[in-house]
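Try each task by yourself before you read its solution.

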Amino acid sequence: MNFNEIAKNRYSCRAFDGNKPVEDEKIKSILESTVLSPSACNSQPYHFTVCKGEKAKEIAKATQSMGMNKFTTDAPVMIVISEDNYNKTANIGSKIKNNDYRSIDIGIATAYLTAEATVQGLGTCILGWFDDKKIRNICGLNNPVRLVVALGYAKEGSAIPSKKRKDYDVLVSEV
Ligand SMILES: Cc1cc2nc3c(=O)[nH]c(=O)nc-3n(C[C@H](O)[C@H](O)[C@H](O)COP(=O)(O)O)c2cc1C
């Protein structure tokens, strides 16, 4: 798949096959691509906690308040993405420029993660709705959780939904 094909094939999977585990080599390959993503001052201010089995179920529950994200119950893997410290230069740069590079870096890394998962034939759903405190407890993390990614094989028969996006001309301009 070239990148354009990856972009068209990736979608937020909300129907996982709960009976089909994800191969460890695939999880490793996904995270190896993820950590090649760029970050401000090469700081890589994040950590990835891979949760499988009962741990994945516990994390899934922590994404499900107010009727949200019920589908995560079937995801065989949940990847918790938490912040880590900046290195010195990114710390100084973020203060001088008043810019939260950590969240930007986590966003880019997550895009790599979902792209490589697509190449590996796996479905993903990025989750921003979760209970930070509960997840930190489950994973033993001291830093804030910023995103969770549900990972697994899509249920047989799932189709890629058509992409709904703003018009290109609204999103892109030239001056
Ligand atoms: C930061 C972020 C948080 C998101 N949180 C959730 C979520 O909690 N639950 C969910 O079902 N989808 C969530 N999504 C998925 C978006 O709804 C989805 O990416 C968007 O509607 C575009 O659809 P697509 O991913 O299928 O192309 C999130 C996506 C991002 C980038």
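The exercises below go from strands to helices, then to a loop and the ligand.

**Before you start**

This is a predicted model, in which local features need pLDDT of at least 70 and side-chain atom pairs count only at pLDDT 80 or more, while totals for chains, interfaces and linings use all residues. Residues are numbered from 1 along each chain as its sequence is written, and side-chain values use heavy atoms, with hydrogens and water left out.

**Exercise 1. Find the strands that pair with β4, and decide how well β4 is covered.**

Step 1. Locate strand β4 at residues 145-152. Helices (H or I, at least four residues) and strands (E, at least two) are DSSP runs, numbered from the N terminus.

Step 2. Look for partners; two strands pair if DSSP finds at least two bridges between them. Strand β2 (residues 77-83) runs antiparallel to β4 and is joined to it by six bridges. Strand β3 (residues 123-127) is also antiparallel to β4, with five bridges.

Step 3. Pick out a pair from each side. Ser-82 has Val-145 as its bridge partner in β4, and Cys-125 stands opposite Ala-150.

Step 4. Check the cover. Seven of the eight residues of β4 are buried, where buried means under 20% relative accessible area, exposed means over 50%, and partly exposed lies in between (1.4 Å probe, protein chains only).

**Exercise 2. Describe the surroundings of Ser-82.**

Step 1. Read its accessibility. With a relative accessible area of 2%, Ser-82 is buried.

Step 2. List its contacts (heavy atoms within 4.5 Å). Beyond residues up to four places away in sequence, Ser-82 touches several residues, including Pro-45, Tyr-46, Ile-106, Leu-141 and Val-145.

**Exercise 3. Work out how the buried residues of helix α3 are arranged.**

Step 1. In α3 (residues 53-61), the buried residues are Ala-56, Ile-59 and Ala-60.

Step 2. Seen down the axis of α3, these residues fall within an arc of 105 degrees, so they line one face of the helix. The arc is that of the directions from the helix axis to the C-beta atoms.

Step 3. Recall the helix geometry: an α-helix has 3.6 residues a turn, so residues three or four places apart point the same way.

Step 4. Turn to the other side of α3, where Glu-54 and Lys-61 are exposed.

Step 5. Ask what lies over the buried residues of α3: the cover includes β1 (46-52), β2, α6 (132-139) and β4.

**Exercise 4. Compare Ser-39, Cys-41 and Asn-42: which are buried, partly exposed or exposed?**

Step 1. Ser-39 lies in the loop between α2 and β1. Its relative accessible area is 13%, so Ser-39 is buried.

Step 2. The side chain of Ser-39 reaches the backbone nitrogen of Gln-44 at 3.0 Å.

Step 3. Cys-41, in the loop between α2 and β1, is partly exposed at 43%. Its phi is near 55 degrees, a positive value in a residue other than glycine.

Step 4. Asn-42 counts as exposed, at 57% relative accessibility. Asn-42 has a positive phi of about 55 degrees, although it is not a glycine.

**Exercise 5. Describe the shell around the ligand.**

Step 1. The ligand is surrounded by 14 residues, each with a heavy atom within 4 Å of it. The closest are Ser-12, Arg-14, Asn-69, Lys-163 and Arg-165.

Step 2. Find the element with the largest share of the shell: β3, with three residues.

Step 3. Check one atom pair: an oxygen atom of the ligand is 2.6 Å from an N or O atom in the side chain of Ser-12.

How values were computed
A polar contact is a pair of N or O atoms within 3.5 Å; within protein, one must be able to donate a hydrogen and the other to accept it, and residues adjacent in sequence count only if both atoms are side-chain atoms.
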